[in-house]
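Here is a short tour of a few spots worth a look in the viewer. Take the model below and follow along.

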Amino acid sequence: MRGSLLGEIVAMAIATLRTQKMRSALTILGVVIGITAIVGMTSLIRGFDESLRDSIRELGPDTITIMQFGLSSFMAGADFNELLKRPTLTPADARAIERRAAESIARVVLTLGEAGGPRGPTRTRVHYNGERTAPTTIIGTDYDYPEAFHIDIEQGRFFTDGEVSHRRRVVVIGQGPSDALFPNIDPIGKTVRITNQPYTVIGVMGPRPGVGGFNADQDNFVLIPHTAYQKQFGLRVAQMRRGRFIALNITAVPRDGVAQEDALRDVERVMRIRHGLRLDEPNDFDMLTQDAALRLWDRVSGATFLALVAISSIALLVGGIGVMAIMTISVKERTREIGTRKAIGARRREILWQFLLEAAFLTGIGGVLGIGLGSAIGLGIHLATGFPVSLPWWSFALGIGFSALVGIVFGIFPAVRASSLDPIEALRYE
């Protein structure tokens, strides 16, 4: 197509937009809504996706987490009541992995009360000199928790192996309790009370990454030796029938140079022997790795993105039908104009391209407006709530491409109709 003709078509489209403002606005409204939904939701989903992936990677590339049941079982369609019948994990399971898989596993860390179970994590208030925290998660764990979970000690130190084995009442507090109880003083050496039991503060943890970038109260926790935790709270396995038991998770870190598959196989072997499972029986526990967690999230985010595309496509379909209807009316109103253009030598192809590009131009404007509005919505939510957003360049290209494609696809029928008009009959049209 000649450049002069393309410029003429664009000029005619702009003239149509100016003279038929209401009609043009109705033409592009559905496109604006669809593109706004695509760009806005894509920015939020992409931002959450990137932030959550960063949080999952904090676990470490080779770390193995063993739990009674987790997200992988639910994703596989397991029945919750059947999962509750699984045997609970115990500290003896952790010690067995430590002994029997020592060739492949360098470190085994157990955590009590952090998550899981029908009642959720163990939560209570921490008191100091008349001040108290909000309900705080109480976690019992091992001395090498910071190394396994890549968390820094901001002040003081972590408890030692000896303090764990001797059930010392020492505590390392998170940022939340530190800010609530010790806003202007050094917490190290102070005595706090956890359900009326005194604990000496020996350290303050650095901030933990929030899942998906959210401030989900992730720093509102305290860490105590798991032996002290068991002495104070117990495991409560016997009370499981009443829906109360303490969740215990085991984290195993492979030795340097050991393949994750080998470490997984050794851990699985030890746990199956511990639980007396036959060869034909499935595991009655879950094992989670970083790769598995990312694969699970890929399934969830992929389904979410497809749902977004489906919902946005409805708005684009409505917009496309509007384009077809209004462009058909435009062809009818401009019948004499088409006849005149053909009479002075315009070819059928040129008339076809005129109306196709005019439709694409109108919907392209809708795409640009939708991109601006969708970006503004995403950034506004980020500024108001801290929700992570991501605005990659390809989302803009996708928005403009979709909008132009809608104009071309739904503009074909009126464009073909216009190009097929007989010039003599068109000139006679009143």
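Helices and strands are DSSP runs, numbered from the N terminus, and a strand needs at least two residues. Please keep in mind that this is a predicted model.

**Two buried residues**

Let's begin with Thr141, which is found in strand S6, residues 136-141. Its relative accessible area is 0%, so Thr141 is buried. A polar atom of the Thr141 side chain lies 3.0 Å from the backbone oxygen of Leu110. Leu110 is also among the contacts of Thr141 beyond four places in sequence, together with others including Val109, Thr111, Phe158, Phe159 and His226.

Next comes Gly370, in helix H13, which covers residues 348-385. Gly370 is likewise buried, at 0% relative accessibility. Apart from residues up to four places away in sequence, Gly370 touches Val32, Ile35 and Thr36.

| Residue | Element | Residues of element |
|---|---|---|
| Thr141 | strand S6 | 136-141 |
| Gly370 | helix H13 | 348-385 |

**A helix pair**

How do helix H5 and helix H10 pack? Helix H5 (residues 91-100) meets helix H10 (residues 260-274) at an angle of about 130 degrees, and their axes are 10 Å apart. That angle makes H5 oblique to H10. The crossing of H5 past H10 is right-handed. On the H5 side, the contact is made by Ala92, Asp93, Ala96, Ile97 and Arg100; H10 contributes Val267, Arg269, Val270, Met271, Ile273 and Arg274. By type, the residues of this contact are 7 nonpolar, no polar and 4 charged.

Technical notes
Residues numbered from 1 in each chain as written. Predicted model: local features only at pLDDT ≥ 70, side-chain atom pairs only at ≥ 80, totals over all residues. Heavy atoms only, no water. Helix = DSSP H or I, 4+ residues; strand = E, 2+ residues; numbered from the N terminus. Buried < 20%, exposed > 50% of the residue type's maximum accessible area, 1.4 Å probe, protein only. Polar contact = N/O pair within 3.5 Å; in protein donor to acceptor, adjacent residues only side chain to side chain. Contact = heavy atoms within 4.5 Å. Axes fitted to C-alpha atoms, helices over the stretch in contact; angles between N-to-C directions. Parallel < 35°, antiparallel > 145°, perpendicular 65-115°, else oblique. Left-handed = near helix turned anticlockwise from the far one by under 90°. Nonpolar A, V, L, I, M, F, W, Y, C, P; charged D, E, K, R; others polar.
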